Amino acid sequence: MPPDVTALAGRLFNAYTEHQDIERLTLEGDIAEREAYAIQWALIQRHVTAGERVVGKKTGLTSVAKQRQMNTTEPLYGYLMDRTIGADGDSISRANFIHPRVESEILFVMDRPLAGPTVTGQQVIAATRYVLPALEVIDSRFRDFKFTAPDVVADNASAAYVILGGTATVPAELDLRLVGMAVSKNGELLATGAGAAILGHPAGSVAWLVRKMAEMGAGGLEEGDIVLAGALVEAFAIEPGDFMTAEFDHLGSVSIRCTA
Ligand code: OOG
Ligand code: MG
């Protein structure tokens, strides 16, 4: 029996708005990839009905570090909503999340639309207005942050919040593969990475997203879209009192604070 797309999207929407975890969906039966993206799309429609607006897209599980941490090898995409975007140094309240984790990322701002099954990283760079360093807060709606690939697709790739920082940089001016990054919590170094960690090149990661959207019949990127290319290193839990900073070569730094 195919999954009840509307009911499952409603369950995920309630978990998101109530900051209350739920059992993963695949415990009740298999969900195919296309069905998982259909649930994700129904979930986004619930957000839109609630007055939110799509402002961009995200890839996830595009680095080996993330794939190892979450025990999966399949990248995925999801949507970014207007109410979940913040600026450098902003605080998040722990009470608004279930079990938040922070990821260090490079964010693309699109200058023009981009769609189709054969889009390349070079085409992504040509269609990009600028890139920024970003911190993504992910917050799986599933108990203990444990899921299979279709679960996390349905759950909009664990998207929860994004902090934009640094200075706008035109990507053609540097080699994004070799942009280095150091992330720290409360002044202590947690991990280091480079752009090449995400599918070989951050723009390649965005190109993968565009091709995957085409495969799912979901259109592509719009002018002005913000696009997260995926975490360079693993995600780290954030708790009240924590201050996390990701410093990037060339792009600048971005910080987040967590309060109760
Ligand atoms: C899925 C989302 C992963 C990334 O940048 O790799 C992600 C998860 O790990 O919960 O956003
Ligand atoms: Mg991410």
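**Exercise 1. Find out which side chain Lys-212 pairs with, and whether Lys-212 is buried or exposed.**

Start with the pair itself: the side chains of Lys-212 and Glu-33 are joined by a polar contact of 2.9 Å. A polar contact here is a pair of N or O atoms within 3.5 Å; within protein, one must be able to donate a hydrogen and the other to accept it, and residues adjacent in sequence count only if both atoms are side-chain atoms. A word on the source: this is a predicted model, where local features need pLDDT of at least 70, side-chain atom pairs count only at pLDDT 80 or more, and totals for chains, interfaces and linings use all residues. Residues are numbered from 1 along each chain as its sequence is written, chains are lettered from A and ligands numbered from 1 in the order in which they are written, and side-chain values use heavy atoms, with hydrogens and water left out.

Then check its cover: Lys-212 has a relative accessible area of 7%, so it counts as buried. Buried means under 20% relative accessible area, exposed over 50%, and partly exposed in between, with a 1.4 Å probe and protein chains only.

**Exercise 2. Work out which residues hold the magnesium ion (ligand 2).**

Look for the donors, meaning N, O and S atoms within 2.8 Å of the metal (3.2 Å for Na, K and Ca); water is not among the atoms, so sites may look incomplete. You'll find Glu-103, Glu-105 and Glu-136, each through OE, at 2.0 Å. Along the sequence, these donors follow the spacing E-x1-E-x30-E. Distant parts of the chain are linked here: Glu-105 sits in strand β5 (residues 101-110) and Glu-136 in strand β6 (residues 128-138), 31 residues apart. Now for accessibility: Glu-105 is buried because its relative accessibility is 0%, and Glu-136 is buried with a relative accessible area of 0%.

**Exercise 3. Describe how the protein surrounds ligand 1.**

Begin with the neighbours: 17 residues surround ligand 1, and the closest are Lys-58, Leu-61, Lys-66, Glu-103 and Ser-158 (a residue counts when one of its heavy atoms lies within 4 Å). Then take the oxygen atoms of the ligand. One is 2.7 Å from a polar backbone atom of Leu-61, and there is a distance of 2.8 Å between an oxygen atom and a side-chain N or O atom of Glu-103. For Glu-105, a polar side-chain atom lies 2.9 Å from an oxygen atom of ligand 1. Finally, the cover: of the 320 Å² of accessible area that ligand 1 has on its own, the protein covers 100%. Those areas come from the Shrake-Rupley method with a 1.4 Å probe; for residues, only the protein chains shown count as cover.

Methods:
Helices (H or I, at least four residues) and strands (E, at least two) are DSSP runs, numbered from the N terminus.
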